[in-house]
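Please look over the sequence and the structure shown here before reading on.

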Amino acid sequence: MTLLVTGGAGYIGSHTVLELLAAGQDVLVLDNLSNSSRESLRRVTALTGREPGFIQGDVRDRTLLDRIFTDTAVAGVVHFAGLKAVGESVAEPLRYFDNNVSGSIVLCEAMAAAGVRRLVFSSSATVYGDPATMPVDESCPTGIPANPYGRSKLMVEQILQDLGRSDPRWSIALLRYFNPVGAHASGRIGEDPHGIPNNLLPYITQVAVGRLKQLSVFGGDFPTPDGTGVRDYLHVVDLAQGHLAALDYLAEHTGVHTWNLGTGTGYSVLDMVRAFEAASGRRIPYTITDRRAGDIAECWADASKARRELGWQASRGLAQMMADAWRWQSENPNGYATDSPASI
């Protein structure tokens, strides 16, 4: 039996595919390569000695999905496919709802038609909106997310909860990520966004290798210790391993289950800059600009439920996150596009 991984050539997807292959699973990746590279999967194959199947296509293509489920004995789906940039979602909300919400509906329709009802969904801590207290645990009410990206994730969660109530045969995991960073320790796969990065750490690493001149820090007047936003950053390999733990749990349990995946520690933007400078020996010039639409002051996790029920907890600290991110970027200054110019 095979696991279908939508968006499996992307940053979190490729790390999860690697962990699944290393654990002996057969994997088929569906990815439209809109913000990813086929090279990531070639490197995953080199690292594991096992090659995932690959189909280039869109999760909204029902005909393609039906063909995949007809041709492949799929045991379950790990669903990463979707758009994820907060700022971009504010500028292009309809595009985000189309990709993230409509795509998830089409996928679930195809799964139901094929009798495949085990699903791990890539959700986000943004579904909590602007939480009143910290840390955030799964019993905290979902709020009104501050941006269309977060609202799209919450919409899909609500759809999946209704789906689970309508048919008790479904086994669904809603994994609420906090802020994944870092890269595989080999330095062979990592975060390689197309265009100007929307996330903090790849922006920092691209400044360090000279692709960007300086870091823009969005907001220096938040009610936090140094005025910059505070987030819970976790290593992407820890996050990937959380998906394997969730799949194991779903093999024994039906229903819809929700887990936070985070470290339980919040770091500010300037904390991250200083930690990266220590790991890399590179100075990161930055300028503080206006707050970005849709951002909140702080958010970090209570992940004790995942530890208790999944046997999962983040084990890699901030220093390792930074060292691995720097190894990836310094050895791949242009990401997967090794023949692209060194600066922009």
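This is a predicted model: local features need pLDDT of at least 70, side-chain atom pairs count only at pLDDT 80 or more; totals for chains, interfaces and linings use all residues.

Residues are numbered from 1 along each chain as its sequence is written, and side-chain values use heavy atoms, with hydrogens and water left out.

**The sheet**

Seven strands make up an open sheet with parallel pairing, in the order β3-β2-β1-β4-β5-β6-β11. Strands (E, at least two residues) and helices (H or I, at least four residues) are DSSP runs numbered from the N terminus, and two strands pair if DSSP finds at least two bridges between them. Because β3 (53–56) and β11 (255–261) each have a single partner strand, one side of each is left without a neighbour in the sheet. From one strand to the next, the twist averages 15°.

Helix α8 (residues 236–250) packs on this sheet and touches β1, β4 (74–79), β5 (118–124), β6 (171–177) and β11. The direction of α8 makes about 160° with that of β6. Contact here means heavy atoms within 4.5 Å; axes are lines fitted to C-alpha atoms, for helices over the stretch in contact, and angles run from 0 to 180 degrees between N-to-C directions.

Strand β1 (residues 2–6) runs parallel to β2 (residues 26–31), and five bridges join them. In this pair, T2 stands opposite D26. Strand β1 also pairs with β4 in the parallel sense, over five bridges, and V5 stands opposite V78 of β4. The parallel pairing of β4 and β5 has three bridges, with V77 opposite L119 in β5. Five of the six residues of β4 are buried, which leaves the strand mostly covered. Buried means under 20% relative accessible area, exposed over 50%, and partly exposed in between (1.4 Å probe, protein chains only).

**A buried serine**

Helix α1 (residues 11–22) contains S14. Is S14 buried or exposed? S14 counts as buried because its relative accessibility is 1%. Apart from neighbours within four places in sequence, S14 is in contact with G8, A9, S40, V44 and I189.

**Salt bridges**

The structure has 19 salt bridges, each defined as a side-chain nitrogen of Lys or Arg within 4 Å of a carboxyl oxygen of Asp or Glu. Three of them are listed here.

| Salt bridge | Closest N to O |
|---|---|
| D58 and R60 | 2.8 Å |
| K305 and E309 | 3.4 Å |

R60 is partly exposed at 29% relative accessibility. K305 and E309 are four residues apart in helix α10 (residues 304–310), so about one helical turn separates them. K305 counts as buried at 19%, whereas E309 is partly exposed at 30%. Salt bridges with shared partners also join E39, R42 and R43 into one network.

**A surface patch**

I105, M155 and I159 make a nonpolar surface patch of about 200 Å². Patches are made of residues with over 30% relative accessible area and no salt bridge; like charges are joined within 9 Å, and nonpolar side chains (Val, Leu, Ile, Met, Phe, Trp, Tyr) within 5 Å. Accessible areas come from the Shrake-Rupley method with a 1.4 Å probe, and for residues only the protein chains shown count as cover. M155 lies in helix α6 (residues 148–166) and is partly exposed, with a relative accessible area of 33%.
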